[in-house]
Amino acid sequence: MTTLTRSSTSASTAPQSPRRVPRGRNRHPWWFLLPAFAFIIVFFALPVAANFVFPFTNWSTFHSDIRFVGFDSFADVLGDGSLANSLRTTLVYAVLVAIFSNVFGLALALLLERDTRVNRFGRAAFFLPVLMSALATGYVFQAILKADGALNSALALLAGQPVDIEWLGSMDWTIVVAALVHTWKWVGMNMLIFLAGLKNIPTDSLEAASIDGASRWQSLRLIKIPLLAPAFTFNIATGLLSTLNSFDVIQALTGGGPARSTEVLNIFIFRTFGSGLYAQSTAMSLVLFLVVVVLAIPVIGFLRGRERAMS
Amino acid sequence: MTPLFVAALFLTGCSDPSVEAAAEPASPADWPAVDTPLDGVELTLWTAESTASVPAGVAAAFEELTGATVNLTVVPDQYEANAKTKLATGAKPDLMFWETNVSVLNTIQAEENLQPLDGAPWFELLDADSQRLGVKDDVHYGAIIKSYEVMGVYYNLNNFEKAGITDVPHSWDELAAAAQKLKDAGVEAPFYEAAGDQWPVQWGAQMSLADLSADGFYGDLNTAQASFSDAAVVDRLTAFTDLYAEDGMANSNIKTATFADQGAALMSGEAGMEFHVNAIVDQLSQAYSLEEIDETVGFFPISPEGNNGTMSGGQANSLVAYRTGDETREAAARQFLTFWLTDYYPTFIEEMGYVSIQPAVASPAGIPQATLDSTPAGAAEKFGSTAVASMQMEAINNPDLYLNMAEVLQGAKTPQEAADATQAQFEQLARAAGVAGF
C-alpha cells in the first residue's frame, strides 16, 4: 500500500521534470544556432534592412558618393505613371494566377484523387513542371506561342488553313496567356495541396452523405469544398503573394512586352537598376514590399475568417 | 543588431563599392613591351555574349607569349545593365568590352574608375576617324578594336531589281517612294521591323533625327536648350513610324518580330528594307556564305534630306581598362591591349573578318560588301555620306528611345508620348548624375 502510494506520488511528479531541467538546453547549446542566424542575417535581414535605407539616398551609377536625399527617389518614381502602371499589371497578373491555379489545381486534384496507377502517374506528370527551371519554362512557351510556333502550326493542321495568331503580341490578352503559363508551371503544387486536403476529409462524412442520397456534385459543393477551406487559404495566399514577386517566367516569356503590357513591377525594377538608377529601383522594391504586406494581412485574415465560418 | 549595423555603415560614410579602389588621377602610364614576362599574373576580361569569342585568339596568343593567364568572363545579356549591376556589387575586371561613347562612359564614372590610355603605342596606327573615338573630356579611355559603322538601310538586292529601283533613295521621301514600288512589285514586307525585340527600332528612329544631330541637337539637349518633346523631333519620329503605317508597308508580325526574324526575312526576300546596323550582316555571316550575302544584301545610309550616315558603336567596338589598384595587373592590362592592337592586330582582323582601322594593315578578304559600305569611310566614298553623331555618342545619357518607339509601333503610344517619355527619362538620368540645369 505504502509502496503504491509512493509510486503514485512519483508518477504524478514525473511529468514536471522536463520543465525543471530543460532538456533542450542540455542537448542543443544556444551557439548551435549561430550559423543559421548568421546566414539569415547576412542573406536576409541585412538586404531587407538595406532596402529601407538605400531608397533615401542618391545612390546611382553616375557618381561615387552616396548621400541621403530624403524622399527624392520616391518623388521620382511616383512622378511618372510607370510605377502605377507596373503595379496595376502586377496585381492583375497575381489575381489571374491565383484564380487559375486554384481552379485548375482543384480540378486536377479531383480528377486524380483516387489512388490508381494511372492517377499516380498523372500526379507525377503534372508535378514535373514545378521542378523545371522557370526561365526554361518561359523560353519554351515563347517558342511554342510565337506567330510561327508550334501552337499555331497545330491549330493550322486542325483548321486546314494557316493560323497566325500573335499569342504574345496582344496588349490586352498576352497577360492572360502569361498567367496561364505561370499557372502551368506551378499548378502541380496547388494540386498536391488540394490532394492532401481531400485525403484528410473523413470518409464517414462522405459515406453518410451518399447514404442520404447526395449527388456527387452535392457532396463536392457541400462537403468537400467547405472542408478544403484551409487548402484554399494556403493556395490563394501563397499564390497571390508569391506572384506579386514574380519575375522569371514573365521575363523569359515576354520580357514585359508587348509595349510594357506585361511589365510586372519586378521587371520594371530590374530595368531601372540596369539603367544605373539604384536608389530609384530600391525605392520601387520598397513600394513592392509594402504592397505585399498591405495585401497579405487582409487577404489572409479574410481567408482565415472564411475557414472558421465553414468549419 | 541589423539596424545598428546598417546605421553604422551609413554613419561612418559609405561609397559605391565599384569605385573603392579609385586613386589619384594616374600619371601618364608606362607602356610595357608586348613580350614582357608576366608569369603568375591573372587578368580578367568581361565580354558580352555577342563578343564572347572575340578575344579568344588574342588571349591564347598573349598567354603563350608572356605566361600570363587571361580569364574570359561572359556577362549575360543585357550586357550593359548586367555588367553595371556586377560593378555595383564591387566586382571589377581588369579589362572589359564597353561602349566608349560619352553617355556610356558616364555610367561607369570613367575618370575615377578607368585607366587613361593616352599615349598608347597603337594610337598613331589608327585611322583619323578611330582616333577621335573613346574620348571623354579629352582623355582616351577606349581602346578601339573594331571600326564604328553607320546606321542605314539593308535591303534585298533581288527585290530592288524586281521593283525596278536602280538608284538608292536619297531622302526620306524617296525612301517612302521606294517602299511603295516594292509593295507594288509584290514584296510581302517592303519594310521589316522587329518591335518584338524592341532594340532594333532605335536605328530608324535615330536616322530620322540625323539632320537635327548635324545641327547640334544633342548638344542643346545636354544643356536643356532642346528637348525630345520639341515639335522638330516629334515630326521626324512621326515621319519614321508613318513609313510603316499603311497596310502592307511593313511585316504583319511587326509587334512580335525579332532580330533573328529580320535576318531570315532579308535573305528569303520576304523583306524589302530594314533599318539597321551591321549586326544584321554579322548575324547572316553565321548562317550564309559570303557569296550568298553579297548576292542578296545591299546597304545605303539615309537621312531625312540625304545619305548622311548616323555613326554607331557599341560594346563590340572597344575595351576599357580598369584601375584595380594592383599596379602589376594594370600594367599587364595595358601590355595586353598593346599586343592586341599592334603585333596581333593583322591576325585578329583576319580571324574575325573585321574591316581594318589601321591604314598600314589591309582588311582581310571575305568581308561582305554591305559591311564595307557601312563603315564611315566606305559610306563616305560610295554615297558621299558625312557621318553624324548618334544619341549615344553625344547625349550625356541614354534614355530608352528604342523602348518608347517600339511602344509606338505596338500601338501603345503616339510619337509625341514616346518623345515625352524619352525626355522625362533623360531628365531623370541627368538629375541622378547631378548635371546642371536639370
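Two residues are in contact if their C-beta atoms, placed from the backbone, lie within 7 Å. With that criterion in mind, I turn to the structure before you, which is a predicted model.

Let me start with chain B. Of its contacts with a separation of 6 or more, 78% are between residues 24 or more positions apart. Chain B contains 22 helices and 13 strands. Its radius of gyration is 23 Å, close to the 22 Å given by the globule rule for 438 residues, so chain B is as compact as a globular protein of that length. Along the principal axes, the C-alpha atoms of chain B fill a box of roughly 65 × 55 × 40 Å. Buried residues account for 51% of the 438 residues in this chain.

I now come to the contact between the chains. Chain A contributes 32 residues and chain B contributes 35 residues. On the side of chain A that touches chain B, α4 (34-53) and α15 (265-274) each supply at least two residues. The largest share of that side, six residues, comes from α4(A).

Finally, I would draw your attention to one residue of chain A. A:A252 lies in helix α14, which spans residues 248-253. Is A:A252 buried, exposed or partly exposed? A:A252 is partly exposed, because 19 other C-beta atoms lie within 10 Å, whereas a buried residue has 20 or more. Apart from its neighbours within four places in sequence, A:A252 is in contact with A:L135, A:G138, A:Y139 and A:Q142. A:Y139 is 113 residues away from A:A252 along the chain, yet their C-alpha atoms are separated by 5.4 Å.

Conventions
Residues are numbered from 1 along each chain as its sequence is written. Chains are lettered from A and ligands numbered from 1 in the order in which they are written. This is a predicted model: local features need pLDDT of at least 70, side-chain atom pairs count only at pLDDT 80 or more; totals for chains, interfaces and linings use all residues. Helices (H or I, at least four residues) and strands (E, at least two) are DSSP runs, numbered from the N terminus. The radius of gyration is taken over C-alpha atoms; the globule rule is 2.2 Å times the number of residues to the power 0.38. A residue is buried if 20 or more other C-beta atoms lie within 10 Å of its own, exposed if 12 or fewer, and partly exposed in between; C-beta atoms are placed from the backbone.
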